[in-house]
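Colleague: Hi! Could you walk me through this one while I have it open?
Modeller: Happy to, let me put it up.

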Amino acid sequence: MNRQVLFIHGGGGGGFEEDTGMVTSLRTALGKAYEVHYPQMPSDESRSDFGWLQKIEDEITAINGDVILAGHSLGASMLLKYLSENELRKKIIGIFLIAPPFWSGDETWVQGLKLKEDFQDKMPKAVPVFLYHCRDDNEVPFDHLLIYKQKLSQATVREIANGGHQLNNDLGLVTQDIKSL
């Protein structure tokens, strides 16, 4: 049976399309031993999380067997929110987070995206976490990686010199880490 990877794309109107290159890179590099699930996330503006947490739950539930979770930008931050606020019924093999924003502020729109103060204590235990962020990311400030590095002290952190927000659509480093599990 192939290893199962669930990739949650970044936000914005074109997030799904913009991250297709990253997913193509991942699928190609992982090869036939892995199945990469790439659902299009909802944009339900009536919900504070845009409906993403329920969609993540549905996608994880639909996968047979253990799952590897990967996400980019908003998708990465929503995976953290889901994992730290829900009881898991599936075994998570690894968590791979690319350029996750660390949401803050008092604005109404950001409340459904913010992590709880103690989110790191609620994460699945003994599951490897990997963080990736390019220094030249123009979308999510590099400082956000430093916040996650402090809060998720057990995580493997990959500080990348360049590649922008999309890692130049090259997930070779992520692939190496997935295959190392």
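Modeller: One term before we start: a salt bridge here is a side-chain nitrogen of Lys or Arg within 4 Å of a carboxyl oxygen of Asp or Glu. Also keep in mind that this is a predicted model.

Colleague: Good. How many salt bridges does that rule give?
Modeller: The count comes to 7 salt bridges. One of them joins the side chains of Glu59 and Lys55, at 3.0 Å from N to O.

Colleague: Where do Glu59 and Lys55 lie?
Modeller: Both are in helix H3, 4 residues apart, which is about one turn of the helix. In an α-helix there are 3.6 residues a turn, so residues three or four places apart point the same way.

Colleague: And is Glu59 buried or exposed?
Modeller: Glu59 counts as buried because its relative accessibility is 18%, and the cut-off for buried is under 20%. Lys55 is at 24%, so Lys55 counts as partly exposed.

Colleague: Which other residues of H3 are buried?
Modeller: Besides Glu59, the buried residues of H3 (residues 52-62) are Trp52, Leu53, Ile56, Glu57 and Ile60. Seen down the helix axis, the buried residues of H3 fall within an arc of 170°, so they line one face of the helix.

Colleague: What covers them?
Modeller: The cover includes strand S1 (3-8), strand S3 (67-72) and helix H4 (74-85). On the face of H3 turned away from the buried side you'll find the exposed residues Thr61 and Ala62.

Colleague: You mentioned H4. Which side chains meet in a salt bridge there?
Modeller: Lys81 and Glu85 do, at 2.8 Å from N to O. They are 4 residues apart in helix H4, so about one helical turn separates them. Lys81 is buried, with a relative accessible area of 7%, while Glu85 is partly exposed at 28%.

Colleague: Changing topic: where does Ser48 lie?
Modeller: Ser48 is in the loop between strand S2 (34-37) and H3. Ser48 is partly exposed, with a relative accessible area of 48%.

Colleague: What does Ser48 touch?
Modeller: Leaving aside residues up to four places away in sequence, Ser48 touches Trp109, Gly112 and Leu113. Ser48 and Trp109 are 61 residues apart along the chain, with 6.7 Å between their C-alpha atoms.

How values were computed. Residues are numbered from 1 along each chain as its sequence is written. This is a predicted model: local features need pLDDT of at least 70, side-chain atom pairs count only at pLDDT 80 or more; totals for chains, interfaces and linings use all residues. Side-chain values use heavy atoms; hydrogens and water are left out. Buried means under 20% relative accessible area, exposed over 50%, partly exposed in between (1.4 Å probe, protein chains only). Helices (H or I, at least four residues) and strands (E, at least two) are DSSP runs, numbered from the N terminus. The arc is that of the directions from the helix axis to the C-beta atoms. Contact means heavy atoms within 4.5 Å.
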